[in-house]
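Here is a short briefing on one protein model and its ligand. Keep the sequence and the 3D view side by side as you read.

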Amino acid sequence: MPNRRTFLRQLAASGLTLPTFYHTLQAQTDGLRYRAAAKNMFYGAATSEDRLRTDAAYRQAMIRECGIITPEYEMKWDRMRPSATTYNFVDSDYIVNFARQNGMLVHGHTLCWHRALPSWFFGTVNRSNAEQFLRDHIQAVVGRYRGQIHSWDVVNEVIETQDNTFNKLRNSLWYQYLGENYVDIAFRAAAQTDPSALLVYNEYGVEFDDNARRDAILGLLQRLKARRVPIHALGIQGHLRTADSAKFNANTAAFRKFLSDVAALGLKIIITEFDTDDRSLPTNTQQRDDGVGRLYGDFCSVVMNNPAVIGFITWGLTDKYTELNTSAPRPDRLPQRPLPLDLAMQRKSAWYALEWWFNNTSARPRTVTSVTAEALQQAPLDNVRCAPNPVSSWLDIQFRLEGSSQLSVSIIDSRGRVIATLANEVFQSGEHHIRWDAQESVNGLYWCSLKSLQGQTAIPVVVAR
Ligand code: GLA
């Protein structure tokens, strides 16, 4: 057992509140977040801020299970943009702060979509100003959370083969105003504003027999890569229905091939919104949970076997808050049971299916993926910046010194142990650049510590995937 001094040091190094720290210790090997992390992957769920604020049992379950969270509504245009000239960050700030306090990553959702647009948008945005609106929005939102977002859904639901457009792009307002170029504009603006975030194109409807849809998505990905657009991953939403279980299992080869084709473009894949509409299943709870769990397992047997798949996010953690009760109510009026935890936060077959697959899948390569920027404001040194590279395991540490100074730069793990001393010497005044390779470090929260004679700063760094 660690003694009190060790305990206090660990608590201080974790940056967590005491109850959260206790809880994290208890849950350390238990929740899905730790099973995923053991394979350098992440598991998490979409959440809204009001549930986190008001439901203590839910909050604890989220802390126990999730290594990443997606704001379900809080980062959509209609929540963030009360008017054409203003932004509201109150609720999104809450989510990002909650994630940081609990050592979680954030998957930002979504910067450009044809839905969830505020009503002022339709009378204000037009062909001549759409590009400026898109750029301004991305610069403001991505800029606010620069260094704090693991991955951004930069564009959402771009392809619609029924719309008969050139290249099968959805005939959305963004497309009507800017053509396919809106996708390029959005990715380039996001990359310029936060070079450390993993940039994702998020899409649905790739799991079944729709080759036209898969081909259109692949075509778009190929063109983006050819134009050197900074895209790093495809997000697969994964909103499934148990009614389609047989259809899913009948042709997994085409879905497997699609995943391989995406990976061959050098892209990562994230399952971003998984849930299973259980309307086809009978009233009996056990039968429903088994049917849902089986579909989780069937889906995992395809996606987890592709090493490009680095994370799995469900659209909610518990049946208590599934949006399917509104969008797809069951005929018998019973609540849907599409998620890993039940109404009382107990684990069900779906949870065990994910657990099994995380335990049995192969480990992904490690990369540094996220840095929390706020700590920089307290830095005694000027312009300290840690920039993780989204597709490698390097962390680039940059800083500027006004005069020469003795400086030690080290990496500290969440237990307060120095695991790497990167420098301990006199640095001359000017810009400096040091690299840390996280390849050999297990997933988790670390601190990049810079100690000079004037003081010390420690910047949180999350190693994940
Ligand atoms: C889409 C969107 C999400 C959410 C879900 C609801 O997948 O990307 O933001 O609205 O639909 O099922």
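Val229 is found in the loop between helix H12 (211–226) and strand E6 (233–236). Helices (H or I, at least four residues) and strands (E, at least two) are DSSP runs, numbered from the N terminus. This is a predicted model, in which local features need pLDDT of at least 70, side-chain atom pairs count only at pLDDT 80 or more, and totals for chains, interfaces and linings use all residues. Residues are numbered from 1 along each chain as its sequence is written, and side-chain values use heavy atoms, with hydrogens and water left out.

**Val229 and its surroundings**

- Val229 is buried, with a relative accessible area of 4%. Buried means under 20% relative accessible area, exposed means over 50%, and partly exposed is in between (1.4 Å probe, protein chains only).
- Val229 and Asp184 are 45 residues apart along the chain, yet their C-alpha atoms are separated by 6.1 Å.

**The ligand site**

- Which residues surround the ligand? They are Lys76, His109, Trp113, Asn156, Glu157, Gln237, His239, Glu273, Trp315 and Glu323. A residue counts as near a molecule if one of its heavy atoms lies within 4 Å of it.
- By class, this shell has two nonpolar, four polar and four charged residues. Ala, Val, Leu, Ile, Met, Phe, Trp, Tyr, Cys and Pro count as nonpolar, Asp, Glu, Lys and Arg as charged, and the others, Gly among them, as polar.
- The ligand takes up the space of the second largest pocket. A pocket is found on a 1 Å grid over the protein atoms alone, as an open set of points where a 1.4 Å probe fits, with protein on both sides within 12 Å along at least five of seven lines. A molecule sits in a pocket if more than half of its atoms lie within 2 Å of its grid points.

- The side chain of His109 has an N or O atom 2.6 Å from an oxygen atom of the ligand.
- For Asn156, a polar side-chain atom lies 2.9 Å from a ligand oxygen.
- In Glu273, a side-chain N or O atom is 2.5 Å from an oxygen atom of the ligand.
- Taken alone, the ligand exposes 310 Å², and the protein buries 85% of that. Such areas come from the Shrake-Rupley method with a 1.4 Å probe; for residues, only the protein chains shown count as cover.

**Trp113 and its loop**

- Trp113 is in the loop between strand E3 (105–112) and helix H8 (119–124).
- Is Trp113 buried or exposed? At 11% relative accessibility, Trp113 counts as buried.
- Trp113 and Val154 are 41 residues apart in sequence and 8.7 Å apart in space, C-alpha to C-alpha.
- Ala116 also has its place in the loop between E3 and H8. Its phi is near 55°, a positive value in a residue other than glycine.

**Other backbone features**

- The peptide bond from His109 to Thr110 is cis, with omega near 0°. Thr110 is in strand E3.
- Asn40 is not a glycine, but has a positive phi of about 55°. Asn40 is in the loop between helix H3 (32–37) and strand E1 (42–47), and counts as buried at 4% relative accessibility.

**Asp319**

- Where is Asp319? Its place is in the loop between strand E9 (309–314) and helix H16 (324–327).
- Asp319 is buried, with a relative accessible area of 0%.
- The side chain of Asp319 makes a polar contact with the side chain of Lys348 (2.7 Å).
- A polar side-chain atom of Asp319 also lies 2.9 Å from the backbone nitrogen of Leu339.

Notes. Polar contact = N/O pair within 3.5 Å; in protein donor to acceptor, adjacent residues only side chain to side chain. 1 Å grid on protein atoms, 1.4 Å probe; cavity = no way out; pocket = protein on both sides within 12 Å on 5 of 7 lines; lining within 4 Å.
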